[in-house]
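Have a look at it with me, and I will jot down what I look up as I go.

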2 protein chains.
Amino acid sequence: MDSNRNTKINSNMKIESVDFFYLRMPEVLDIGDGSQDATLVRVRAGGLEGWGECEAAPLPTIAAYVCPMSHSACKPVSYGVEGMPLNEPEDIRKIGQKVHAHSFDLLQADHTLSGIDIALWDLLGKKLGEPVYRLLGYKRAYPKTPYASQLFGDTPELTYEKAVQSRASGYRAVKFGWGPIGRDSAAVDAAHFRAAREGLGADAYLMIDLGTVWGEDVAVARERLAALKDVNAYWLEEPFTNMALGPYSKLAKSEPRVRLAAGEGCNNYVQAAAMLDYAELGFIQIDTGRIGGITPAKRVADDAAAKGITYVNHTFTSHLALSASLQPYAGVKEDVICEYPVEPKQLALDITTNKILPDENGQIVVPDAPGLGVDVQLEALKDYVVDAEIRIGGSLIYQTPAI
Amino acid sequence: MDSNRNTKINSNMKIESVDFFYLRMPEVLDIGDGSQDATLVRVRAGGLEGWGECEAAPLPTIAAYVCPMSHSACKPVSYGVEGMPLNEPEDIRKIGQKVHAHSFDLLQADHTLSGIDIALWDLLGKKLGEPVYRLLGYKRAYPKTPYASQLFGDTPELTYEKAVQSRASGYRAVKFGWGPIGRDSAAVDAAHFRAAREGLGADAYLMIDLGTVWGEDVAVARERLAALKDVNAYWLEEPFTNMALGPYSKLAKSEPRVRLAAGEGCNNYVQAAAMLDYAELGFIQIDTGRIGGITPAKRVADDAAAKGITYVNHTFTSHLALSASLQPYAGVKEDVICEYPVEPKQLALDITTNKILPDENGQIVVPDAPGLGVDVQLEALKDYVVDAEIRIGGSLIYQTPAI
């Protein structure tokens, strides 16, 4: 696409259309794999289009865009978006502010806004001929070391085998999570931790993800700290419910010290700021598809840098989502780790024609191309589109748009 | 309804049906009045029914109940509810835990859960022949002093007139909010504060509600503290975005000291706990229609009591919502203030046959009757029901149920 030409002929763009698409695999399983469906957003303005992805339940996310107004602070997200100017980064910030001012009582709004904000940055980058990270103020993008996310095996023996395989496939950083951990004794958990470390070898990064399984229970978490320290866990992720600041800070101060990672559940900037200020994290993990997009994620990255807390993306789906999640900290040289979707479902792979692949050093770097630098593969998506229809008082207020 | 008889014949109840109703006024205006529509929930079990109300956008709230599963932690709220046992309070807690465990990536889920939780307490109270506050462990319910919520006038003169009228109608506590405040100079705001105090007289409680208008801007808030102190404001409500803990705590520690009130935007227990722990509030305001229902609200009330922070309900809609919002702190004698919907839309008034009215001392008390102690007025609701229909892949997954 010739972005420069479009820049010249569209010096005063306004948002012309916002389309939501619900995509899914033929079968959605009851497993911790968020790549089984997708909520894609297409924004059009000035002859260009941008794409974004909400890491969110598609139907409620779409409903939050099209629903009737309840009152002045509970309007559909569309109210803050449609017809708004889009010519510079400040315009995207204003759209986010308008959505918050008019929809703050609509809980799902931030998840809906996330995909829109991402699509707006993609579109603006295409218009201005710049990668998003440059529009965010970064001079260059630094390579990141991708980590592979795995489920723990059902037994320590199976965890060991998985670790060996991960290392063999070239990953220098591996995260194990969910599965049996946190559901049995501390001794069983410790056996899994040791199996993971033995399989990976001493020099790989090993992260452990609890998926909030301990709720707010600091005592049960403390019982696992020594074993985590023994295997040199790089971080302990989401031992508790997102925003359980008290439990997080208590565990962070417990001996032996293990650095905590969390934040993927934050759905706006102030929640992430609260986690940075009070949870005593070593790592803040942000999903641009949930926090309201790239705009608030960049604020979090700036705050994290100022506080010496490492920023990490949270991404489990497509390379569109991956590019969006990398942009907010692409230019932070010190923050070297990134989450990388290792085994997403075919749907997630089919969303883009191009992929963000590890280089010969096993590192990845965000595309050096306008916008998000990934192209959405329209034809392939048609196989996954779910026909959805919402009627209120007999009127059709949502119908799956044409791709 | 003969609750005792039903108790005997249904010693092992399970949830049989959960029905959502979208109700609204013929016209919904762009004003700060949350009573213009409603999301009602009816739960049936063992020949009884309970009712609840979500203080939430109806369509996304319903969508969160019926949507297809996205993955193991992003299931529809229905997954955690339908068919579950309902015989004692612990069963309601388990339902909330199950919803959180299986739907924590579905942002709207807590607003959906709120009405369900309320309906479950109503139903269980009817089964056991007890008011909800007794099931929560309170021996008795104490009277509360209702405060009337008003918008500021467009000019200080109009604010003065409104204050005079409020006082004349018998209220000993009045809250002014929104409108022009926070949008002009500190001097203009101060003139409104003085007008409100002069109109009310020196002995009335005067509360000021900013409706989050200052976002995270501590400096602009500080400029108003002296004027708020001069008029002896009982509290300053929501100067900032919900969960903006840093700004709240900074303002709370600024001189002159004005006690802060906030929390209505919290959609789960841990958020409210974070506000209690770090925002340095004088008052925590909880809407049972948003926080996930009566169950988490009671936890917040217990925590607030332990910390010496005053608990206040947030209620702007029906007497069903009012009863639900009063139950969690009905037995806390010291927390004497309650929000009372003074001028709700006719829809909100028509939801229940009986009302919670001020006594001869101008005080209100939660009904001493099984469950929530208010009866839903089915016939009247028919005029407000919105026909809604959601189809996914050609299948009808939601249709407004018969009342």
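**Entry 1**

At roughly what angle do the axes of helix H2 of chain A and helix H2 of chain B cross? I found that the axes of the two helices, residues 58-66 in each chain, come within 8 Å and cross at roughly 170°. The axes are lines fitted to C-alpha atoms, for helices over the stretch in contact, and the angles run from 0 to 180 degrees between N-to-C directions. That crossing makes H2(A) roughly antiparallel to H2(B).

I then listed who makes the contact, meaning heavy atoms within 4.5 Å. H2(A) brings A:Leu59, A:Pro60, A:Ala63, A:Ala64 and A:Val66, and H2(B) brings B:Leu59, B:Pro60, B:Ala63, B:Ala64 and B:Val66. Sorted by type, these residues are 10 nonpolar, no polar and no charged. Here Ala, Val, Leu, Ile, Met, Phe, Trp, Tyr, Cys and Pro count as nonpolar, Asp, Glu, Lys and Arg as charged, and the others, Gly among them, as polar.

**Entry 1: ground rules**

Before going on, I noted that this is a predicted model, where local features need pLDDT of at least 70 and side-chain atom pairs count only at pLDDT 80 or more, while totals for chains, interfaces and linings use all residues. Residues are numbered from 1 along each chain as its sequence is written, chains are lettered from A and ligands numbered from 1 in the order in which they are written, and side-chain values use heavy atoms, with hydrogens and water left out. Helices (H or I, at least four residues) and strands (E, at least two) are DSSP runs, numbered from the N terminus.

**Entry 2: how the copies are related**

I looked up how chain B goes onto chain A: a rotation of 180° with 0.0 Å of shift along its axis superposes them, at an RMSD of 0.0 Å. That is the relation of a two-fold axis.

**Entry 3: chain A as a whole**

I counted 15 helices and 13 strands in chain A. Its radius of gyration is 21 Å, close to the 22 Å that the globule rule gives for 403 residues, so chain A is as compact as a globular protein of that length. The radius is taken over C-alpha atoms, and the rule is 2.2 Å times the number of residues to the power 0.38. Along its principal axes, the C-alpha trace of chain A spans about 60 × 45 × 45 Å.

Of the 403 residues of chain A, 64% count as buried. Buried is under 20% relative accessible area, exposed is over 50%, and partly exposed lies in between (1.4 Å probe, protein chains only). Among contacts in chain A between residues at least 6 apart in sequence, 73% join residues at least 24 apart.

A:Ile62 is buried, with a relative accessible area of 1%. Leaving aside neighbours within four places in sequence, A:Ile62 touches A:Phe20, A:Tyr22 and A:Tyr398.

Next I went to A:Phe176 in strand S5, residues 173-177 of chain A. A:Phe176 is buried at a relative accessible area of 0%. Beyond its neighbours within four places, its contacts include A:Leu151, A:Phe152, A:Ala163 and A:Ile208.

Most residues other than glycine have a negative phi, and most peptide bonds are trans. With that in mind, I noted some exceptions.

- The bond from A:Glu255 to A:Pro256 is cis, with omega near -10°. A:Pro256 sits in the loop between helix H10 (245-252) and strand S8 (260-262) of chain A.
- In chain B, a cis bond joins B:Glu255 and B:Pro256, with omega about -10°.
- A:Thr212 has a positive phi of about 65°, and it is in the loop between strand S6 (205-209) and helix H8 (218-222) of chain A. Is A:Thr212 buried or exposed? A:Thr212 counts as buried, at 14% relative accessibility.
- B:Asn232 has a positive phi near 55°, in the loop between helix H9 (225-230) and strand S7 (235-237) of chain B. B:Asn232 counts as exposed, at 52% relative accessibility.

Note on methods
Parallel < 35°, antiparallel > 145°, perpendicular 65-115°, else oblique. Least-squares fit on C-alpha atoms with pLDDT ≥ 70 in both.
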